[in-house]
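Trainee: I would like to learn how to read aromatic pairs, a nonpolar core and a helix from a model. Where do we begin?

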Amino acid sequence: MENLQEFVTQYGYIAIFLLLSLGIIGLPIPDEVLMTFVGYLCSQGVLTYIFAVAVAFSGAMFGMLFSYFIGKKVGKPLLWRYGKWLFLTPKRLARVEGWYQKYGMWTVVFGYYVPGVRHLTCYMAGVTGVRPRTYILFAGLGAIIWCTVFITIGYYIGTIHYLKLN
């Protein structure tokens with residue numbers, strides 16, 4: 001985690017975009033912790049809050065759209081064949097499909113808040129053939145809420161920390 005913090009501190013908005021995109025695609029990046037740290041940096045004046053939210057949203061959407069189109073183009077065979085390398089067991093895949101059947105596109109919105117599920121919902125939306133416009137609408141709603149919530153939490157943690165020091 002220290003390396004990620006250093007990377008974000010050194011490269012700022014570019015690092016936020018890249019790390020969040022890669023995290024959403026499925027690399028093991030602690031997205032919630034990253035966003036909270038970004039909020040903390042905003043509270044310290046290192047980053048601008050609104051711009052940080054916009055860049056985080058853009059990174060999340062890039063990662064989600066990339067994952068969606070992989071799911072749409074390659075589909076389930078890729079997940080069945082190589083999912084084990086990403087800890088995507090058939091049981092986990094079946095559970096995500098069940099959520100899609102039961103809750104529809106709200107799975108994408110609320111899937112953000114369940115670690116591991118966030119990554120699968122993007123692929124599965126493509127696999128199940130969700131229309132791109134519908135996917136972008138629901139994914140965008142989930143992304144903006146998720147980014148804003150975690151950056152705001154970090155911002156307030158940083159503000160409280162600052163007040164305790166002074």
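Mentor: With a definition: rings of Phe, Tyr and Trp, the last by its six-membered ring, pair if their centres lie within 6.5 Å, and planes over 60 degrees apart count as edge-to-face. This is a predicted model. By that rule the count comes to 12 aromatic pairs.

Trainee: What are the centre-to-centre distance and the angle between the planes for W106 and F138?

Mentor: The ring centres of W106 and F138 are 5.1 Å apart and the planes are at 90°, so the pair is edge-to-face. W106 belongs to helix α7 (residues 106-111) and F138 to helix α9 (residues 132-165), so the pair ties together parts 32 residues apart in sequence.

Trainee: Which residues do ring pairs link into a cluster?

Mentor: F17, F62 and F66.

Trainee: Which residues touch the most other members of the largest nonpolar core?

Mentor: A nonpolar core joins buried residues of nonpolar types through side-chain atoms within 4.5 Å. The largest one here has 44 residues, and V8, I16, M35, V38, M64 and Y135 touch the most other members. Elements giving two or more residues to this core include α1 (2-11), α2 (13-25), α4 (49-74) and α9. Beyond its neighbours within four places in sequence, I16 contacts V8, M35, V38, L47, V55 and A56.

Trainee: How does the span of α9 compare with what its 34 residues should give?

Mentor: At 1.5 Å a residue, α9 should span 50 Å, and its end C-alpha atoms are 48 Å apart, which agrees.

Trainee: Which elements do the buried residues of α9 pack against?

Mentor: An α-helix has 3.6 residues a turn, so residues three or four places apart point the same way. Among the buried residues of α9 are Y135, F138, A139, G142, A143, W146 and F150. The buried residues of this helix pack against α2, α3, α4, α7 and α8.

Trainee: Where is E32, and is it buried or exposed?

Mentor: E32 sits in helix α3 (residues 31-43) and is buried, at 18% relative accessible area. Leaving aside neighbours within four places in sequence, E32 contacts Y112, P115, R118, W146 and F150.

Notes. Residues numbered from 1 in each chain as written. Predicted model: local features only at pLDDT ≥ 70, side-chain atom pairs only at ≥ 80, totals over all residues. Heavy atoms only, no water. Helix = DSSP H or I, 4+ residues; strand = E, 2+ residues; numbered from the N terminus. Buried < 20%, exposed > 50% of the residue type's maximum accessible area, 1.4 Å probe, protein only. Contact = heavy atoms within 4.5 Å. Phe/Tyr/Trp six-rings, centres within 6.5 Å; stacked < 30°, edge-to-face > 60°. Expected span 1.5 Å × (residues − 1).
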